[in-house]
Amino acid sequence: KRTGKVSHNLLLTLNSVPLAPARGPSRGGPPRQGGYGWGPARSRRSWVWNQFFVLEEYTGDEPLYVGKLHSDMDRGDGQVTYVLSGEGAPSIFTIDPNTGDIHATKRLDREAQAYYTLRAQARDRASARPVEPESQFVVKVQDINDNEPRFLDGPYAASVPEMSPMGTSVVTVVATDADDPTYGNSARVVYSILQGQPYFSVEPKTGLIRTALADMDRESRDQYLLVIQAKDMVGQMGGLSGTTSVTVTLSDVNDNPPHFYRKSYQYLVPESAPLASLVAKVKAVDSDLGSNADVDYSILDGDPLGMFRIVTDRETQEGLLTLQKVLDYEARPSYTLTVEVTNRYVDPRFVALGPFSDRATVRLLVKNVDEPPVFSSDLAKMAVSEAVDVGTSVGRVSALDPDSTNSPVRYSIDRNTDLERYFHIDGSTGELRTARLLDRELVSLHNITVTASESLDPSQVGTSVVLISVTDVNDNAPAFAIDYQPFVCENARSGQVIETISAVDRDEPQTGHRFLFSLLSPGDGATANFTLRDNQDNTASVLTRRAGFLRRERPLHLLPVLISDAGPPALSSTGTLSVRVCACDADGGRSLCGEESSLLRAAGLSPAALLSILNIPLNNS
């Protein structure tokens with residue numbers, strides 16, 4: 001209805017359901033194209049207006065008619081004027097104060113602002129006082145398809161394993177459309193592939209890109225550039241579109257076996273090559289990448305003695321052949337090895353494409369070099385008695401020239417190892433002889449170095465160590481182990497042990513030492529006071545034969561002891577024990593001892609000299 005009030009049951013739908021276009025202005029002619037009303041009108045106390053929407057992106061030359069406001073208080077006599085305020089008033093929206101017609105004076109963009117909230121009021125023209133309370137209404141901007149879909153995350157980069165089955169997911173592309181998704185199909189997009197067929201496809205609704213061919217090979221082509229289009233209006237004619245690029249890289253899988261550059265290799269190796277030295281390199285290539293191209297090498301045949309070892313250089317993936325044992329041209333001039341290369345990691349999915357290995361032949365030619373003489377043994381052990389005469393043969397060493405020339409050799413002693421020149425060697429035969437008398441007690445082991453040089457080339461010198469042990473003969477008599485200082489207490493009992501003695505001998509008999517002890521009679525009665533007991537363990541005990549000794553009567557007793565070894569031949573020596581008579585405390589500790597007799601002191605004689613006077617032998621025998 002254009003006049004009168006409308007029922008209140010339309011109030012809930014005025015802002016949600018677009019209805020028929022509003023009529024043009026009541027005055028001033030028909031409405032301009034593009035304006036639409038929201039209706040039916042509702043009653044607002046005693047005046048009526050319409051709620052409206054307007055089409056975005058209007059490009060006409062004149063202001064766009066939006067709608068009309070009208071109050072029941074307006075009798076058409078010009079007494080009522082209309083006032084508009086709120087968003088966009090009056091910069092965008094203007095109102096004719098006489099008729100209530102609303103126009104948009106500027107081009108609107110829904111994506112910039114979708115609706116405007118305005119306030120309207122009818123006033124008395126003369127007094128400017130409201131004839132109706134101020135009311136609020138909304139002008140909504142209606143969407144048109146003026147935005148193309150955009151790929152905000154593009155361009156894309158993705159990867160998919162090579163040899164993947166058809167239909168393998170690669171990546172999902174997403175396009176957004178700024179148009180109103182709730183109105184029409186302006187924001188409904190579908191995807192299509194413009195470039196990248198027949199290798200890939202895209203799902204129209206989801207943008208999911210999949211492989212369209214099975215078993216694509218990275219080694220043939222590793223990268224593809226796809227162009228994906230998104231078009232709105234559900235892809236219909238007139239829809240807007242946008243594109244993005246997708247770079248798809250095929251990632252590597254282990255689908256290629258290694259193979260040697262060459263099937264045979266040949267190297268020349270000098271027989272003097274040191275152990276662990278590099279003697280050959282082999283190279284296998286694998287079209288795969290990274291760990292899929294890692295290889296291991298092994299020797300399958302041709303090296304039963306383990307002369308060589310092959311390992312993988314982790315940086316270059318080369319096979320490094322190293323020497324493990326000494327080469328000898330004269331023993332074996334060449335080696336022919338069968339070498340295998342295999343992938344370290346084999347993908348079980350591609351085992352059927354195998355075998356993932358290859359073989360090659362490596363021929364090693366041993367180069368003959370002039371080698372120094374070689375001794376039959378690097379270490380020779382000999383033994384000689386210390387009692388032999390000068391010039392006695394000790395032993396013989398032997399060395400040969402390993403080369404085919406078989407040059408004669410000359411022997412000599414490295415004098416830095418035989419400074420005292422105990423030995424001499426025959427330069428032609430290698431026989432070692434004593435050059436001076438030996439003494440085991442001075443040097444028991446001689447460590448000398450013998451050299452052998454080629455007669456044809458003296459610079460070629462070989463060496464050997466000779467250990468000469470000097471064996472023992474019994475040429476040293478035993479003697480007291482220490483300088484004993486025995487004493488006897490004046491209150492000693494008969495049979496009391498006053499000293500235990502032992503002996504030492506510089507000789508080293510094979511069966512060990514066995515010493516015998518006996519007491520000689522000095523002729524002064526000493527043996528009447530003391531006796532000697534052999535303990536059968538290379539020691540002897542000195543015991544008293546009576547009780548009570550007087551220091552003032554005889555302060556010193558001389559006991560000659562004969563010490564013999566077991567030979568052969570048996571040797572002996574005499575040692576003298578000077579036993580002093582001492583005053584002792586109750587525990588046997590000495591407090592005061594007698595000195596040697598005044599006769600001895602006056603004569604300046606020692607106990608040994610006295611025994612000599614008494615015709616008791618003291619020298620070794």
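Is E111 buried, partly exposed or exposed? E111 counts as partly exposed, at 26% relative accessibility. Here, buried means under 20% relative accessible area, exposed means over 50%, and partly exposed is what lies in between, using a 1.4 Å probe and protein chains only.

Before going on, a word about what you're looking at. This is a predicted model, where local features need pLDDT of at least 70 and side-chain atom pairs count only at pLDDT 80 or more, while totals for chains, interfaces and linings use all residues. Residues are numbered from 1 along each chain as its sequence is written, and side-chain values use heavy atoms, with hydrogens and water left out.

## Salt bridges

Back to E111: its side chain meets the side chain of R110 in a salt bridge, 3.0 Å from N to O. To count as a salt bridge, a side-chain nitrogen of Lys or Arg has to sit within 4 Å of a carboxyl oxygen of Asp or Glu. R110 is buried, with a relative accessible area of 13%. The structure holds 21 salt bridges, and here are some of them:

| Salt bridge | N to O distance |
|---|---|
| R110 and E111 | 3.0 Å |
| R344 and D296 | 3.1 Å |
| E340 and R359 | 3.5 Å |

Take R344 and D296, whose side chains meet in a salt bridge. R344 lies in the loop between strand 22 (334-343) and strand 23 (357-367), and D296 lies in strand 19 (residues 295-301), so this pair ties together parts that are 48 residues apart in sequence. Strands, by the way, are DSSP runs of E with at least two residues, and helices are runs of H or I with at least four; both are numbered from the N terminus. R344 is partly exposed at 24% relative accessibility, and D296 is partly exposed too, with a relative accessible area of 26%.

Then there's E340 with R359. That pair links distant parts of the chain, with E340 in strand 22 and R359 in strand 23, 19 residues apart. E340 is buried, with a relative accessible area of 15%, whereas R359 is partly exposed at 49%. Some salt bridges also share partners: D294, D296, R314 and R344 are joined into one network that way.

## Disulfides

How many disulfides are there? The count comes to two, where a disulfide is a pair of cysteine sulfur atoms within 2.5 Å.

One of them is formed by C489 and C584, with sulfur atoms 2.0 Å apart. The torsion about their S-S bond is about -90°, so this disulfide is left-handed. It links distant parts of the chain: C489 is in strand 34 (residues 487-489) and C584 is in strand 40 (residues 572-584), 95 residues apart. C489 is buried at 9% relative accessibility, and C584 is buried at 18%.

Another disulfide joins C582 to C593, with 1.8 Å from S to S. The link of C582 and C593 is right-handed, with 105° about the S-S bond. C582 is in strand 40 and C593 is in strand 41 (residues 590-593), eleven residues apart. Both C582 and C593 are buried. If you count the bonded cysteines along the chain, the disulfides follow the pattern 1-3, 2-4.

## Strands and their partners

Strands of a sheet pair through backbone hydrogen bonds, either parallel or antiparallel. Two strands are said to pair if DSSP finds at least two bridges between them.

Why is strand 39 (residues 556-564) called largely enclosed by the rest of the structure? Because eight of its nine residues are buried.

Elsewhere, three strands make an open sheet in the order 26-30-29, with antiparallel pairing. Its edge strands are strand 26 (393-396) and strand 29 (423-425), each pairing on one side only. Neighbouring strands of this sheet are turned by 25° against each other on average, direction ignored. For such angles, axes are lines fitted to C-alpha atoms (for helices, over the stretch in contact), and angles run from 0 to 180 degrees between N-to-C directions. Strand 26 pairs with strand 30 (residues 431-434) over three bridges, and R396 has E431 in strand 30 as its bridge partner.
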